[in-house]
Amino acid sequence: MQQRIDEVERRIQEACARSGRNREEVRIIAVTKYVSTETTIEAVRHGLLQLGENRWQDAQAKWHALQDINGPALTWHFIGSLQTNKVKEVVGRFACIHSLDRPSLAKEINRKAEQLGIRVPCLLQVNVSGEDTKHGLQPEELRGFAASLADLPFIQPAGLMTMAPYEAEPEETRPVFRRLRELRDELNRAAVLPEPLHELSMGMSNDFEIAVEEGATWLRLGTVLVGKEEEA
Ligand SMILES: *Cc1c(COP(=O)(O)O)cnc(C)c1O
């Protein structure tokens, strides 16, 4: 695993150098959805302390196992489409929800966070590419949705998230990532939210270097970083 980590690190540094960014602006979420609890523990031992999962049903065994080992040093990111009836499991356990994409979900997160007395950092997921199979707000819905969050004080809007379509030629994802950055900057210029949005969660195994060049602050890396196991 160390070899994979070193290789990803080198590629991120080169993408930063090409685009004049500081390496510290780009953080890695190790997406462990394809790997076992054992491999997840190995990833943590290699210093990957930000973990991402996309389904609570699959994540919970790992979450509990890792709680006993590393507890508070770890942060978990919820990156998958979130069913409203799973919100009660996710809020309080995951430091950040990357997939806020509809009013009913926002209300439920807010309700649960209020019960716990916490504010939950959330990223607004945008379907920039417009593919039917992708979740997320349409770009034209984003502004109205962001404005509506003012009524939900236990949600802390922290940025935007998108998934690019898989492209055999990663360069072709660039317009999607660039558009997400522009959408964030437009929201900030219009001061739609009281606090400017900072985060851009974008870039996966296939396209992370392009995402870095276009301003990603969080990369969500599964296969390229921790691998993929058949029976995870
Ligand atoms: C699975 C997943 C990833 C990581 O995928 P890889 O291509 O293996 O890096 C990133 N983001 C989301 C939302 C995912 O579901």
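A polar contact, as I use the term today, is a pair of N or O atoms within 3.5 Å, and within protein one of the two must be able to donate a hydrogen and the other to accept it, while residues adjacent in sequence count only if both atoms are side-chain atoms. With that in hand, an oxygen atom of the ligand is found 2.8 Å from a polar backbone atom of Gly 222.

Before going further, please keep in mind that this is a predicted model, in which local features need pLDDT of at least 70 and side-chain atom pairs count only at pLDDT 80 or more, whereas totals for chains, interfaces and linings use all residues. Residues are numbered from 1 along each chain as its sequence is written, and side-chain values use heavy atoms, with hydrogens and water left out.

Let me stay with the ligand. The protein covers 92% of the 390 Å² of accessible area that the ligand has on its own, where accessible areas come from the Shrake-Rupley method with a 1.4 Å probe and, for residues, only the protein chains shown count as cover.

Which residues are around the ligand? Counting a residue as near if one of its heavy atoms lies within 4 Å, the shell consists of Val 31, Lys 33, Tyr 34, Asn 54, Ile 79, Met 163, Met 204, Ser 205, Arg 220, Leu 221, Gly 222 and Thr 223. These divide into 6 nonpolar, 4 polar and 2 charged residues, with Ala, Val, Leu, Ile, Met, Phe, Trp, Tyr, Cys and Pro taken as nonpolar, Asp, Glu, Lys and Arg as charged, and the others, Gly among them, as polar.

Now to Glu 214, in the loop between α8 (208-213) and β8 (218-221); the helices (H or I, at least four residues) and strands (E, at least two) are DSSP runs, numbered from the N terminus. Is Glu 214 buried or exposed? Buried means under 20% relative accessible area, exposed over 50%, and partly exposed in between, with a 1.4 Å probe and protein chains only, so Glu 214, at 3%, is buried. Its side chain has a polar contact of 2.9 Å with the side chain of Arg 174, and another of 2.6 Å with that of Arg 181. In strand β8 itself we find Leu 219, which is buried with a relative accessible area of 0%.

Asn 127 lies in the loop between β5 (120-125) and α6 (142-148), and it counts as buried because its relative accessibility is 4%. The side chain of Asn 127 reaches the backbone oxygen of Lys 134 at 3.3 Å.

Ala 191, in the loop between α7 (174-189) and β7 (199-201), counts as exposed because its relative accessibility is 54%. Most residues other than glycine have a negative phi. Ala 191, although not a glycine, has a positive phi of about 50°.

Finally, Arg 45 in helix α2 (residues 37-45) is exposed, with a relative accessible area of 66%. Its C-alpha atom is separated by 9.4 Å from that of Asn 70, 25 residues apart along the chain, and Asn 70, at 25% relative accessibility, counts as partly exposed.
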